[in-house]
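Okay, everyone, let me put today's model up on the screen. I'll walk through a few spots and then zoom out.

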Amino acid sequence: MVGVRMMSHSLKRFVPVILMLAVATVVAAAVTEQRQIPQMSAAPNTRPPVGKDSVKFLVLGDTGTGDTAQFQVAAQVWKSRQVFPYEFAIMLGDNIYGSERPQDFAQKFERPYKALLDANIPFYAAIGNHDDPNQRYYKPFGMNGNRFYSYQKKDTQFFVLDSNYMDKDQQAWLEKELRESNAKWKIAYFHHPLYSSGGAHGSEIDLRMIIEPLFIKYGVNVVFAGHEHFYERLKPQKGIHYFTSGGAAKLRSGDIMKTPLTAKGFDTEQSYMLVEIDGDVLRFQTISRRGNVVDSGEITLASRPETKS
Amino acid sequence: MTRFTGVSLIVSFAVLAAGCARTDTAQPSMAGNSTTPAGQAPVPSVPPPGSPPPAPAASAAPDGQPGSNAQGAATLQFQTQIKEYLRIHNEAETKVPNLKRTNDPQEIADREALLAKAIQTLRANAKIGDIFAPEYQPYFIKIVQDDFATRPARDRRALIDELPKNMKVDVNTVYPTTIALATFPAALLRKLPDLPPELEYRLVARSLILRDVKANLIVDILRDVVPTIPS
């Protein structure tokens with residue numbers, strides 16, 4: 001008993017020191033983490049949608065590896081749905097890497113997303129540079145036999161492009177579709193990012209010169225792309241909000257270069273996005289493979305995003 | 001199938017006609033024989049190996065001069081070859097099951113392979129230069145090389161780095177499905193003659209290829225088009 005009391009007494013003397021050490025360790029860890037994981041902020045798991053009658057969708061890019069990471073992200077994607085019941089998924093290309101035999105479609109798409117497919121969640125895919133354009137005939141990709149196509153969900157119209165081969169037919173089609181669209185929100189998605197801080201690829205300037213004038217002229221609000229195996233939210237460019245989300249299976253760790261383009265970058269873990277369009281507001285959250293929200297924010301029609309992370 | 005083929009033919013000819021109109025008026029011209037009748041091969045003007053491509057005649061000769069007509073004839077000849085290829089493609093389409101949307105990727109793979117096989121049989125004697133004929137090869141080479149020359153070094157390097165390397169390409173063979181199709185530079189695509197939807201241009205290593213989209217078949221090859229990166 002005495003011994004215990006004595007120990008308690010001697011421990012008391014060290015309490016301030018222990019506390020100081022603990023605080024220092026936490027601060028050091030936070031600083032180290034900030035250095036290693038640029039702009040990442042650990043945050044709670046998936047947040048539920050706000051709107052009752054909103055358009056809710058999942059964004060997946062560069063998925064088709066069939067490896068462990070893809071399966072882990074897919075499991076997280078399904079977990080997210082229990083909180084954020086997205087109604088459909090958009091795929092930003094590189095849907096099937098490598099060989100495209102029937103067993104590849106099984107291993108690189110059907111098995112990882114079995115839960116989503118079983119729940120009848122439709123996918124709408126864009127073609128990436130690793131994809132055979134004949135994937136457009138594969139029903140679960142929702143392309144209806146077209147390399148480029150559009151569809152509408154409530155007051156949002158989606159324009160899905162084949163950025164591998166931007167020929168005149170596609171440009172003419174895009175201009176016509178945009179011109180005729182009365183949708184409140186116009187969202188375009190395709191594989192190659194028009195703006196990117198990626199060290200391996202970077203901005204797709206050729207493509208930008210051709211399609212961005214159409215986006216500006218006809219009021220495209222938001223653009224999603226993949227190709228770069230990380231997440232990047234770009235600072236709005238000419239009034240358009242650009243996101244790169246190409247890390248739902250592949251990851252190019254540390255590939256985000258320091259450029260003035262980046263509003264938020266995350267390149268240390270795989271990720272995907274959840275998006276809700278609720279009247280005049282688009283809310284987004286980006287979730288890491290481990291389930292942390294690494295970026296989130298709101299875009300109001302004709303405004304800049306307000307980030308919350 | 002019949003309806004698809006019919007529509008496809010109409011679209012193809014419309015695209016070809018548009019291509020003719022565009023290239024006749026807007027593209028640079030080559031020097032050559034102005035009197036060559038349409039559809040008949042003009043006098044070949046192939047530069048010796050290693051020599052730089054000729055300067056476009058449009059910059060040397062005003063429209064209406066012999067150079068422009070030779071260019072027009074060459075373009076027409078190219079499009080005649082494309083039309084001939086389409087005839088074969090469409091004939092092959094009639095020999096294989098219709099391609100429908102399906103849940104079974106095996107059906108897509110089978111159909112692609114059957115179509116490729118049918119075209120390979122119909123073009124059993126196909127060889128390099130059947131479509132990229134020698135008389136207008138310099139024209140294509142110049143377009144590609146001029147395009148690369150106007151790009152910043154970083155952009156040029158990025159484009160070249162993305163191209164599949166060490167890949168053997170042969171006419172009338174299937175494009176390997178394990179190798180990514182490199183993005184075709186959008187600005188360059190605008191400068192090349194239009195193609196019908198059944199065909200596309202692609203760059204592989206230093207070659208410009210014509211690829212049948214539905215059959216995933218290499219239709220023709222123009223080698224040594226893409227410039228090398230100076231070390």
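So, let's start at a turn: K154(A) takes a positive phi near 50° in the hairpin of strand 4 and strand 5 of chain A, a hairpin with 2 residues between the strands. Before I go on, the housekeeping: this is a predicted model, where local features need pLDDT of at least 70 and side-chain atom pairs count only at pLDDT 80 or more, while totals for chains, interfaces and linings use all residues. Residues are numbered from 1 along each chain as its sequence is written, and chains are lettered from A and ligands numbered from 1 in the order in which they are written.

On terms: helices (H or I, at least four residues) and strands (E, at least two) are DSSP runs numbered from the N terminus, and two strands pair if DSSP finds at least two bridges between them.

Strand 4 of chain A, residues 149-153, pairs with strand 5 of chain A in the antiparallel sense over 5 bridges, and Y151(A) sits opposite F158(A).

Now, how many residues of strand 5 of chain A are buried? 5 of its 5, across residues 156-160. Buried here means 20 or more other C-beta atoms within 10 Å of the residue's own, with C-beta atoms placed from the backbone. In a regular strand, side chains alternate between the two faces of the sheet. Here T156(A), F158(A) and V160(A) point one way, Q157(A) and F159(A) the other, and all are buried.

On to strand 6 of chain A, residues 185-190: strand 5 of chain A pairs with it in the parallel sense over 5 bridges, and T156(A) has W185(A) as its bridge partner.

Zooming out, chain A has 6 helices and 14 strands, and 50% of its 309 residues count as buried.

Last stop, the interface. 31 residues of chain A are in contact with 28 residues of chain B, contact meaning C-beta atoms, placed from the backbone, within 7 Å. Helix 3 (102-110), helix 5 (168-180) and helix 6 (205-217) of chain A each give two or more residues to that side. The largest share, 5 residues, comes from helix 6 of chain A.

That's my tour; over to you.

Key
Buried ≥ 20, exposed ≤ 12 C-beta atoms within 10 Å, placed from the backbone. Contact = placed C-beta atoms within 7 Å.
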